[in-house]
Every structure is written in structure tokens, then in C-alpha cells.
Amino acid sequence: MAHTDDDHAHHSHSHAHSHTGGFSDDDAALAAVEGHHAHMLERVSALSDALLAAVAAGDAGTAYDEKANLVGWCEDELIPHAVAEEGPLYGPARETAEARLLVEGMLQDHQTIIGLVEELRGADGPRAAALGLAIARAFALHLRKENQLLFPYIVASPDLSLAKAVEGLEEVVG
Ligand SMILES: [Fe+2]
Ligand SMILES: [Fe+2]
């Protein structure tokens with residue numbers, strides 16, 4: 001039978017979990033970035049807790065696997081996230097007198113966290129567990145500065161746009 005116009009009404013696919021198409025305003029962008037940070041913190045905390053539990057239980061095999069899981073997540077998620085932020089997000093804010101020192105401090109945080117991941121790669125046992133917790137806590141401290149200091153500054157600045165800065169950055173908005 002002939003099909004009706006209704007058959008064509010459901011062909012527009014919405015990608016609910018992708019924000020790469022852009023944001024209507026800075027508040028929407030801020031909510032997406034905060035949501036992604038919260039998801040990342042949950043993940044790194046779970047992974048470092050799992051590594052600690054395996055080490056505490058004396059289970060060397062599981063500890064080996066959990067360390068590999070944590071290092072893998074840092075390589076696939078954490079470091080690309082930091083690198084993606086440094087250009088379009090940190091860059092324009094760093095050019096302002098008000099945020100320059102904050103951004104330079106945030107860049108030092110990134111280097112410290114990446115250094116901890118490097119150290120974790122070569123560690124095992126209690127040292128690996130300690131480094132895993134250090135990474136999780138350092139990330140928590142860092143993202144609090146982003147969520148509560150840097151991003152609100154960008155949102156409040158008429159010359160800067162958070163929505164524009166994170167457009168297309170899947171590593172930053174999820
Ligand atoms: Fe960052
Ligand atoms: Fe971040």
C-alpha cells in the first residue's frame with residue numbers, strides 16, 4: 001500500500017549523549033562540562049579504590065589488572081581531557097589579566113597529574129595504590145577549581161564564551 005507522510009516523520013535522529021553540535025548558551029555548556037567532570041571523578045575514584053582493595057587483599061594478580069585498568073583510563077580519558085582543555089578553553093582566559101595566574105596554576109595541575117600517571121605506570125603494590133589515590137584526589141581538587149573558579153569566570157566574561165570554547169570537544173563535554 002502507499003505509505004503516508006507519517007512514515008517520514010520519525011527520521012530525524014537525535015543524539016542525546018553528544019553535545020558536539022554546540023550549545024545554546026554558556027549555562028548549558030557549563031552544565032555539560034560539570035556533568036562530564038562528575039562522571040570522570042566517579043570513574044577514577046572507582047578505579048583507584050579497586051586497585052587499593054586488591055593491594056590491601058594481597059591479590060597481586062588482580063592488583064596488576066586493576067593498575068592496568070587505571071593507567072588505561074588515564075591514557076584514554078584523563079590525559080586527552082586535559083590536553084583538549086588547554087587550547088580553546090584555557091587559551092583565551094589566559095590572555096586576560098584576571099585569570100592569567102589561575103590558568104597557569106591549572107596548567108601546572110595538568111602537568112602534575114600527567115606526571116603521577118607516568119609514575120603509576122612503573123609502580124606496583126602499595127606504591128601503585130598510593131599513586132592511584134593521589135591521581136583521584138588531585139583530579140578532584142583540580143576539577144573543583146575548573147567548575148567553581150575558571151568556568152564561572154568565563155561564563156561571566158562578556159568577551160569569552162564557554163559554549164564556543166567547548167564546541168566539538170567531546171573530551172570535555174562527554
Ligand atoms: Fe583541567
Ligand atoms: Fe576538566
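Two residues are in contact if their C-beta atoms, placed from the backbone, lie within 7 Å. The legends below use the term in this sense and describe a predicted model.

**Figure 1. Ile135 and its contacts in the predicted model.** Once its neighbours within four places in sequence are left aside, Ile135 is in contact with Val44, Ser48, Cys74, Ile113, Leu116, Val117 and Leu120. Apart from it lies another core, of 18 residues, which includes Ala29, Val33, Leu162 and Val166.

**Figure 2. The largest nonpolar core.** This core has 20 residues, and those with the most contacts inside it are Leu51, Ile135 and Phe139. Helices H1, H2, H4 and H5 each supply at least two residues of the core, and H5 gives the most to it, with seven residues.

Figure 3. If residues up to four places away in sequence are not counted, Leu70 touches Leu47, Ser48, Leu51, Leu120 and Gly132. Leu70 and Ala46 are separated by 24 residues in sequence, and their C-alpha atoms are 9.3 Å apart in space.

Figure 4. Helix H4, formed by residues 100-121, has 22 residues and reaches 32 Å from its first C-alpha to its last, close to the 32 Å expected at 1.5 Å a residue. Val103, Met106, Ile113 and Leu120 are buried in H4; they cover an arc of only 95° around the axis, which puts them on the same side of H4. The face of H4 turned away from its buried side carries the exposed residues Arg100, Leu101, Glu104, Gln108, Gln111 and Gly115. Among the elements that cover the buried residues of H4 are helix H2 (60-86), helix H3 (90-94) and helix H5 (125-156).

**Figure 5. Helix H1 and the elements packed against it.** With 31 residues, helix H1 (residues 26-56) reaches 44 Å from its first C-alpha to its last, close to the 45 Å expected at 1.5 Å a residue. Its buried residues are Asp26, Ala29, Val33, His36, His37, Val44, Leu47, Ser48, Leu51, Ala54 and Val55, and the buried residues of H1 pack against H2, H5, helix H6 (162-166) and helix H7 (170-173). H1 is followed by Gly58, whose phi is positive, near 75°.

**Figure 6. The protein as a whole and the confidence of the prediction.** Buried residues make up 29% of its 174 residues, while residues 24 or more positions apart account for 72% of the contacts with a separation of 6 or more. The mean pLDDT of the protein is 90, and 88% of its residues reach 70 or more. Confidence is lowest in H7, at a mean of 88, and highest in H4, at 98. Over residues 1-16 the pLDDT is below 50, and beyond near neighbours in sequence this stretch has zero contacts in the model.

Technical notes:
Residues numbered from 1 in each chain as written. Chains lettered and ligands numbered in written order. Predicted model: local features only at pLDDT ≥ 70, side-chain atom pairs only at ≥ 80, totals over all residues. Helix = DSSP H or I, 4+ residues; strand = E, 2+ residues; numbered from the N terminus. Expected span 1.5 Å × (residues − 1). Buried ≥ 20, exposed ≤ 12 C-beta atoms within 10 Å, placed from the backbone. Arc of directions from axis to C-beta. Core = buried A, V, L, I, M, F, W, Y, C linked by C-beta atoms within 7 Å. pLDDT = per-residue confidence, 0-100.
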